[in-house]
Amino acid sequence: MTRVRKKVNSNTGNIRIIGGEHRGRKLPVLNLEGLRPTTDRMKETVFNWLMLDVRNAKCIDCFAGAGSLGFEALSRGASHVQFIELDKPAAQQLSKNASLLRIDAESATVQQGNALQVLETLKEAADLIFIDPPFHKGLVQSCVDMIQSKGLVKAGSKIYIERENNSQSLHVPDNWQQIKHKSTQQVSAELYQVV
């Protein structure tokens, strides 16, 4: 007799926190079109770059999605992460995952909405900003321009940008200095520091 395997159509996947207080914890993530959590390998690279910068940092996760970068920063001692996510169910999942990790509202804020519109309302400069938008939407340049025009960075702030490889050239402000860069077949990861 042949067994027929049922296809499981799961509505959730998960991300894993790779370092810090919550190391090894898995968090549920909705399987949504365009949601592309940062891989563990790339996360490891990024947080090696930021090893001395995360503790007590105020962070903005501009296109939070699964919250992979923001939750990693919180696990490693960031004082606050502002998660911004357009998709309502994904934003709700970010709030649920913050509760799962027992992260209070003083340490994590989730705002559901268009990242550029939310950034326009923010008043305080961040120590660390993650820009990791959906690919092929042309959002990186607009986000960089908004961050600069609203004064959301200061001397010493770091900005991590993850975008598709071979994308359009990026124009950053003169006082943003690229300090790290790594490319894979599909992804370009860049770290800038405001001088």
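A salt bridge is a side-chain nitrogen of Lys or Arg within 4 Å of a carboxyl oxygen of Asp or Glu. The model is predicted: local features need pLDDT of at least 70, side-chain atom pairs count only at pLDDT 80 or more, and totals for chains, interfaces and linings use all residues. Residues are numbered from 1 along each chain as its sequence is written, and side-chain values use heavy atoms, with hydrogens and water left out.

**Exercise 1.** Determine which parts of the chain the salt bridge between Lys-58 and Glu-124 links.

*Solution.*
1. The N to O distance for Lys-58 and Glu-124 is 2.9 Å, and their side chains form a salt bridge.
2. Lys-58 belongs to strand S3, while Glu-124 lies in the loop between helix H4 (115-121) and strand S6 (128-131). Helices (H or I, at least four residues) and strands (E, at least two) are DSSP runs, numbered from the N terminus.
3. The two residues are 66 residues apart, and the pair links distant parts of the chain.

**Exercise 2.** Classify Lys-158 and Asp-53 by relative accessibility.

*Solution.*
1. Lys-158 and Asp-53 form a salt bridge, with the closest N and O atoms 2.8 Å apart.
2. Buried means under 20% relative accessible area, exposed over 50%, and partly exposed in between (1.4 Å probe, protein chains only).
3. Lys-158 has 9% relative accessibility and therefore counts as buried.
4. Asp-53, at 26%, counts as partly exposed.

**Exercise 3.** State how many salt bridges the structure holds, and identify which residues are joined into one network.

*Solution.*
1. The structure holds eight salt bridges.
2. Through shared partners, salt bridges join Arg-16, Asp-40, Lys-43, Glu-72 and Arg-76 into one network.
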